[in-house]
Amino acid sequence: MKFTVADLLDQLPAEEALPIAKLEKALGLSQKAEKQQLRIGVDGLIKIGVVQEVEAGIQRREDPELIPARLRCSSKGFCFALREDGGEDIYIRDHQLNHAWNGDRVLVKVTREGGRRRSPEGGVQCILERRTASLLAQVEQQESRLVATPLDDRLLTRIELPEGDAQHLDPESNSVVEVLVDRYPVGQFSPQGHVARQLPVKGGEAADLDLLLTKHHLHERAPAPRATLKALA
């Protein structure tokens, strides 16, 4: 998708409605399919009370119960939403993640207030922005499914791969793969992706550096902005 929920909300004025045509233009949407995706997204946000549609267009709703936060998960399945306002972290049970992954920016609703020795609990109501677009993984065959199991065990998911990626099966674990996410999980459908490349785990210093850069998403840096050096006066 060309835009995130966070992008959509950023384009909406705080106290005014924006016509859908202007919202499409602000997000740079020109194709019919892109505009349909926007309509689907807006309808979903209306249902959970993040925006409302009035005669003048789409308008943000201020709901103090919806708290912006960044999701942090552990390898043991414990997840907390770190509030952007600096408030107390909110514990999120696995069945309340609603397909959110570690590092995602989310809107959370508190379902149980905290106590002296207990954090407040809540559930993810909306995913504002995905953090993981690619990841390192092992390719595994699980009965009829070919899946990528992330090396980062804070990502509590497996990604379905096309049959053609079976060439990257490596029972000896001499390599890992970089997987690009093509579709995030939605409803009953699992996430999907494909193998972008295979990387050796014992390929020397250059290969180790490539693994490290790939792990931290630093191997594809954006081009540097144009700049002109000027002599100091």
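Author: With the bond torsion. The model is a predicted one. The torsion about the S-S bond of C73 and C79 is about 110 degrees, so this disulfide is right-handed.

Reader: How do you know that C73 and C79 form a disulfide?

Author: Their sulfur atoms are 2.3 Å apart, and the cut-off for a disulfide is within 2.5 Å. The pair therefore counts as a disulfide. The structure holds one disulfide, and both of its cysteines, C73 and C79, are buried.

Reader: Why is C126 too far for a bond?

Author: The closest cysteine sulfur to that of C126 belongs to C73, and the distance is 17 Å. A disulfide needs the sulfur atoms within 2.5 Å, so C126 is too far from C73 for a bond.

Reader: What makes C126 buried?

Author: Its relative accessible area is 8%. Buried means under 20%, so C126 is buried.

Reader: Now the second largest pocket. Which residues lie nearest its centre?

Author: D152, R154, K215, H216 and H217 do, out of 16 residues in the lining. Strand 8 (134-142) and helix 4 (205-215) are the elements that each give two or more residues to this lining. Helix 4 gives the most, with four residues. The volume of the second largest pocket is about 350 Å³.

Reader: What is the lining of the second largest pocket like by class?

Author: It has six nonpolar, six polar and four charged residues. Asp, Lys and Arg count as charged, so D152, R154 and K215 fall in the charged class.

Notes
Residues numbered from 1 in each chain as written. Predicted model: local features only at pLDDT ≥ 70, side-chain atom pairs only at ≥ 80, totals over all residues. Heavy atoms only, no water. Buried < 20%, exposed > 50% of the residue type's maximum accessible area, 1.4 Å probe, protein only. 1 Å grid on protein atoms, 1.4 Å probe; cavity = no way out; pocket = protein on both sides within 12 Å on 5 of 7 lines; lining within 4 Å. Points joined across faces, edges and corners; volume = space filled by probe spheres on them.
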